[in-house]
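I opened this model to look up a few local features. The notes are kept in the order in which I took them.

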Amino acid sequence: MSASRPIKAEVSTAVRGENPWIVLGVLCVAVVFSLTTWFSATAVTPELKVAWSLSDTAVGWLTNGVQIGFVTGALLASFVNLPDIVRLNRLMAASAAIAALANAMLLLEPGPAGAVACRIATGVALAGVYPPALKLVSTWFVRNRGLALGAVIAALTLGSSLPHLFRSLAQSLDWTLVISLSSVAALIGALCFLLFAKEGPHPFGRAIFNPAQIGIVFRDRNLFLVNVGYLGHMWELYAMWAWLLVYLRSSIELFSGPSAALASLVTFAAIASGVVGCIAGGLLSDRYGRTATTAGFMMISGACAIAMCFVYGGPIWLIATVAIVWGITIIGDSAQFSAAVTELGQREFVGTALSLQLGLGFALTIFVIWLMPHLADLLGGWRWTFLFLAPGPIIGTIAMLKLRKSPASLRLANGKR
């Protein structure tokens, strides 16, 4: 513990005079490149399914493996307080490099079990990129923190969407090229972290995960409502990101015949449009409040989940429009749930509260990602499957509006609730 304090002071002195917005920009570029590995296999699941003779269940676990690894890695890092033991830039650089290596192992065609193991390893590694990036950027911003955190989530969103862009570049693209490009991108991200990521002049104290504090977090009604809102958000988010490509390929084929490249391009556009949502969410949240912004975004995203059922098989411009609006609103509020925890929770419980929120949210995504293809089989296709995502944002909206009525909500966003 004592060894980490001189590092903090040294870093704080070294960053005097640096522009935090430039640091944020560099950090976001590194996150974009590193996070391309998250959905690299998801973007080529149709090709992998044929090439490796995978079952639908095995295909689902190619995405779920990352979620499992991420939850495991994030909780383990919190238990040992890894971000206080290792400099953040070194931790993120090493993690991005490991993610690139684990992703590249898919090129060896390790079989279904080996592929899932590679995805789990990728998720564990990415737990050393995304949460530390949120912490690092917070050391640069006291004001405009909602916007800054929104920018990091925007980078995560863009990085997650890039494999779909790689896939859409040609009508017939070897899946190995998508995996290779995402691995190279992650290595570039690792280099950016190592050379350019620096902690700012507002370092945090130790924020550790203490299981003994879980009961205290759950008994805090305000934190409980924030977590219900976050769980409603996560119920919808990763299931949409994981299965939108499959939905679009099915819908486009019904309307105009098979077009894998077009489906990948629309998937990229829908997920990447979340960048706009994240920036807008940060600006709106800092100006009008966390509860108003999160509730508004979830109301629109829930409506889009329902609308996707009715535009299925329709003109591509119509499906793309709904999908892009959905992509903007489904992620735009994400950073604000974490910001709300830092503002509502007692400082000594913030580490536990954030880790608990993250762990519960991503654990929930494992179940929903697994559930979606089973629902599609039960319903005879993908048309009505996204309808089952709508309850998440509906419940989340109710929770955040309840929080808005609490006097404690005045601690959010400098009194803007």
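Ground rules. I am working with a predicted model, in which local features need pLDDT of at least 70, side-chain atom pairs count only at pLDDT 80 or more, and totals for chains, interfaces and linings use all residues. Residues are numbered from 1 along each chain as its sequence is written, and side-chain values use heavy atoms, with hydrogens and water left out.

Helix pair. I looked up α9 (residues 145-168) and α14 (residues 274-288), which pack at an angle of about 170 degrees with axes 8 Å apart. I therefore noted α9 as roughly antiparallel to α14 (angles over 145 degrees count as such). Axes here are lines fitted to C-alpha atoms, for helices over the stretch in contact, and angles run from 0 to 180 degrees between N-to-C directions. Helices are DSSP runs of H or I with at least four residues, numbered from the N terminus.

I then listed the contacts (heavy atoms within 4.5 Å). On the α9 side they include G146, G150 and A154, and on the α14 side G274, C278 and G282. The residues of this contact divide into nine nonpolar, five polar and two charged. Ala, Val, Leu, Ile, Met, Phe, Trp, Tyr, Cys and Pro count as nonpolar, Asp, Glu, Lys and Arg as charged, and the others, Gly among them, as polar.

Cysteines. I counted zero disulfides, a disulfide being a pair of cysteine sulfur atoms within 2.5 Å. For C278, the closest cysteine sulfur is that of C28, at 9.9 Å, which is too far for a bond. C278 is buried at 1% relative accessible area (buried means under 20%, exposed over 50%, partly exposed in between, with a 1.4 Å probe and protein chains only). C309 is also buried, at 0%.

S301. I found this residue in α15 (residues 290-311), buried at 1% relative accessibility. Its side chain makes a polar contact of 3.0 Å with that of E236 (N or O atoms within 3.5 Å, one able to donate a hydrogen and the other to accept it; residues adjacent in sequence count only if both atoms are side-chain atoms). Leaving aside neighbours within four places in sequence, S301 also touches W326, T329, I330 and P393.

Positive phi. S53, in the loop between α3 and α4, has phi near 55 degrees and is exposed at 65%. E109, in the loop between α6 and α7, has phi near 50 degrees and is partly exposed at 49%. Most residues other than glycine have a negative phi.

Technical notes: Helices (H or I, at least four residues) and strands (E, at least two) are DSSP runs, numbered from the N terminus. Angles under 35 degrees count as roughly parallel, over 145 as roughly antiparallel, 65 to 115 as roughly perpendicular and the rest as oblique.
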